[in-house]
Amino acid sequence: MTTTTPAVVTEPPGLETQRKEIESLLQEHELRSGDSWYLVETRWYEQWKEYVETGDQNSSSFPGQIDNTELFEDQDSYHLKERLVENEDFVLVPAEAWHKLLTWYGLVDEQPPLERKIRMYVFQVVDLPSTLKVEVYPVEIFLCLHSNMENVISAQFSRADHIHTIQKKMQHQFEVAEGAETRLWMKSSDTSCERLRNVHVSVLDSCLSSNMTVIMEMRNADGTWPSSRPQIMRNSVEEQDSYRGQPGVCGLTNLGNTCFMNSALQCLSNTPPLTEYFLLSSYLEELNFTNPLGMKGEIAEAYADVIKQMWSGRHYSVVPRIFKTKVGHFASQFLGYQQHDSQELLSFLLDGLHEDLNRVKNKEYIELRDADGRPDQEVAEEAWRNHRRRNDSVIVDTFHGLFKSTLVCPECHKVSVTFDPFCYLSVPLPVSKDRVMEVFFVSLDPEAKPVQHRLVVPKAGKVSDLCSTLSQMTNVPANHMVVADVFNHRFYKIYHADESLSCILDRDDIFVYELNSGSVEEDGDEVVLALYLRERSHYRDYGSGSSSYGTCLFGHPLLLAVPRSQCTRDALYLLFLQRLARYVRPPDPSEEVEEEDEEGGEEEDDEEEEEEYKTQTNGVSDEDGEEESEAAGPSQRDPCCDGGQGDIPADSSTTNQPRPVPIPPQLDHAHTEPATSGAGAEDNHPASCSGSTNANANITANASFNAVAKACGNGSDDANATANENSNVYSADNGNGSVYNSTTTKANFNASATTLNNSSLGACGIANAGAAALVDGLQGASQQPTETSDVEEAEEKEACPVGSNQRQKRKTCQSKRRKPLFSIQAVNSNGTTERGMGEGGTAFSFSSQPYVAIDWDPDMKKKFYNENEAEKYVKHSSMEVSQQQTRVQLQECIALFTTVETLEEENPWYCPQCKKHQLATKKLDLWSLPEVLIIHLKRFSYTKYSREKLDIIVDFPLRHLDFSGSLLRKSLSHGEPPSCYDLIAVSNHYGGLRDGHYTSYAKNKDNGQWYYFDDSKVTYAREEQIVTNAAYLLFYQRQDKIRQPTLPAPTDDGAASPTQAANDVTSSKHDSTDGATPCVTMETD
């Protein structure tokens, strides 16, 4: 509500003069938008007219003081009555007429003058022109401060008033300090508040209406706003108010893969001219809310909030959540929490700040002209003037320069010269055609340690090129090699020979395995087997839905080429033992581990044991009784060999079959992997067991031996007979293949294996290398001194006497059974066992890339597996050659930027003379440079065939970067600035193409100290740490604009206090630090 001081009443002129002056003002005064008119009660005005028309100053019609009492609802609030009608309840007089009447007659005490503004009403209908009207009923608004919402005052404003008018009135009413930064909120309900961003718009355009509340808040000393104070990384409330640090030395919290944003913000924050512009709140007067290319000032305001918080000196770290939300709102590519490029964010941010702060409100159309032979100076000045006519902001003042672009048509040789502005320089890096890779070569010799090689291979090459290069060092044919990426004790990927090397990252652990044959076909006689090592826990994993033991991977996986005919558990067991011979120690005779009944005290329960015995096919339980009883039931366990032939009927069909050959204890896995077949087995087989109806599919543990025996004719009978004599226990042959568990001693097995080797293989002359190796392995695994053979044989006969009862035979033989070092299990590529993956079968059938795991009991692993030996490797001489990392000078990169190049087919140039698109040659030259020069090192190389990150070290100077040799304009005139620059900030990228981590170095403008910013962590930095192969964005400031530090540099004690050296940052598999990155760790031999 408007109030004025009472006017001094003066002697009025004559009545006729009064009438003529007022009537003249009413008739001649035109309505103009923004002018003030006043309301006068009709009764008083008519009485005044009657008074002046009489011409008698002593007339009884004298009106007295101006009295508008009838226009108010009450005399306390002086609110105007509703629905007042012009010329019936009041008349409108212009401001000049009002002041005359007020001077002549005065105004009733305490009554406010009823001033009203003229506003132009614009109609959307085309046929109706805009009209000017006096706003009789203004907008009545409630005003209050955010810090004191209880103290509310009301005020009336015209709809034509600007929000700035409300702001000034509130600052006056609430005695806000001059220069304090404030902002207004419009509250329309109890829960809805909206920012009044643009203070230069009218009340009507801002949608303010009567009875709404405008709230003013003032920025806190720490740069935050009371209404949206972000989360500060502090330990206590007291520390929030007590902390005082160096302004600008403030971290930024990683919101989730936002290190790219934090790095770019830290570099811009330490750009002095831009930061001072925002700290002085100069941006408030230049916010452009109408620019269709801008973000309505929201990006500029959000950036200003972050800068003022960082430079308040009251925060360890700031959470830029609001800024991140604004960026994602206006640039959808930055939505979410994916990793992005800091240069892409910087480009968007500079462009957004420029458009939000563009001083040009209405951009005019400007037609660009070609040089057409004019001097470069003239064309450059014209191009810069045209650019500033449409683009004028602090960003242009600070970051924009000018370069010359020259295009030459290859056909007509037309030369086109233009001068274009730039905000940063993207300079290329020299690209090498080769790359250095480090791989581990795993020889076929089981006693040989892995050898680490350093290879030089083509960047655009294939995996076959890597094998060829390695073949020259190892003399192993390239087609005998398989390349794999090992990650977390498993194969992350097994590469084909024709795959590109660009798929392999430098940080990957690459192993090259030698195979004993050439390229293995998918349906060939051999299969490449992937072998994992797993350690079995002591407890069953019931939570996974099964009763199996939990396992975890360890060691390094292997790749082996195995004949399909030997893909039985027993043959694979022997093959794995041989392959792991370097770090798996075979048990000594004195260390032979004898299998004990796992049921322990339950053996003493005669009734339970007898019941279990009756339910088994051959009256013999499995060695792993407890586990199998839980998983499959006693009737589905493997039969155990007994002391004689009492279990086999005399008329059984097995009497005419070759007798089974006993196998060594190391190959005895039937007790851990049950197999049932024939009519003797029950029908309720578990789903994980292999079927029993197909004799070929249900390969049994002694299938390879039977095949040798059958192939040898009569000789095999002799061999089997000899074996039978040396072995006291056999299992039944049910017609679908022999299923057996051998319980012979080493001496007995040695004799049988020797007999088999001499009689079966020797008699028939079979040249089967696989079978021969198998037999040799059996002999080697069970060989003992001759002197002890008879004694042990006697002991065995005493332990299992012929003719003893079935129960005694079962207990005695079971206690003497040899326990294997590990068991074999079919697994998936992740090394986990899935349901139905060959559990219980003695053979494996592979249709795709096969994966198997050998499961170690913890006690057996600790006793026979040498972890230290398994981790050892040897370095090849190629590793000793010092790898000189490529270094280039920054000036070389700038020279590459200015070299002539031919346009690509996707981006041709339209020649105005040829009237068609041409692949012209293009050359860029630097013409003028800005105050702050941003140099983008193009480390990420993208071509049609490859994508890579260049880890070349670029030597860039920290001081005196001189562009005088690179500028096309060699001589400076008209007081133009020099071209020498000093470094002020660096954005770093660690990692590769898929992921990585961003940090930054920056020099504080106040104390001149370098700092290292790693998200929320800030440490001191030394100048010798700044030049690394991670440098990605370089910020240089022209020397003539650099101001001397206003504060002393930190002391030596402070500089030595960082908890983490700046160059200790290493790349990781993921940007987030939640969880360690698994890797292959090996010891050097």
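Student: Is the crossing of helix 8 and helix 10 left-handed or right-handed?
Tutor: Helices are DSSP runs of H or I with at least four residues, numbered from the N terminus. A crossing is left-handed if the near helix is turned anticlockwise from the far one by less than a right angle, and right-handed if clockwise. For helix 8 and helix 10, the crossing is left-handed.

Student: Where do the residue numbers come from, and what kind of model is this?
Tutor: Residues are numbered from 1 along each chain as its sequence is written, and side-chain values use heavy atoms, with hydrogens and water left out. Local features need pLDDT of at least 70, side-chain atom pairs count only at pLDDT 80 or more, and totals for chains, interfaces and linings use all residues, since the model is predicted.

Student: At roughly what angle do the axes of helix 8 and helix 10 cross?
Tutor: Helix 8 covers residues 298–310 and helix 10 covers residues 342–356. Their axes (lines fitted to C-alpha atoms over the stretch in contact, with angles from 0 to 180 degrees between N-to-C directions) come within 8 Å of each other. Helix 8 and helix 10 are therefore roughly perpendicular (65 to 115 degrees). The crossing angle is roughly 115 degrees.

Student: How many residues of the contact of helix 8 with helix 10 are nonpolar?
Tutor: Helix 8 brings Glu 298, Ile 299, Ala 300 and Tyr 303 to the contact (heavy atoms within 4.5 Å), and helix 10 brings Phe 348, Leu 349, Leu 353 and Asp 356. Ala, Val, Leu, Ile, Met, Phe, Trp, Tyr, Cys and Pro count as nonpolar, Asp, Glu, Lys and Arg as charged, and the others, Gly among them, as polar. Two residues of this contact are charged and none is polar, while the number of nonpolar ones is six.

Student: How many nonpolar residues are in the contact of helix 6 with helix 10?
Tutor: Phe 260, Met 261, Ala 264, Leu 265 and Leu 268 of helix 6 touch Ser 342, Leu 345, Leu 346, Leu 349 and Leu 350 of helix 10. One residue of this contact is polar and none is charged, and the nonpolar count is nine.

Student: How many charged residues are in the contact of helix 1 with helix 3?
Tutor: Helix 1 (residues 15–28) and helix 3 (residues 95–105) have axes within 9 Å, crossing at roughly 155 degrees, so the two are roughly antiparallel. Gln 18, Glu 21, Ile 22 and Leu 25 in helix 1 meet Glu 96, Ala 97, Lys 100, Leu 101, Trp 104 and Tyr 105 in helix 3. Six residues are nonpolar and one is polar, and the charged count is three.

Definitions and conventions: Angles under 35 degrees count as roughly parallel, over 145 as roughly antiparallel, 65 to 115 as roughly perpendicular and the rest as oblique.
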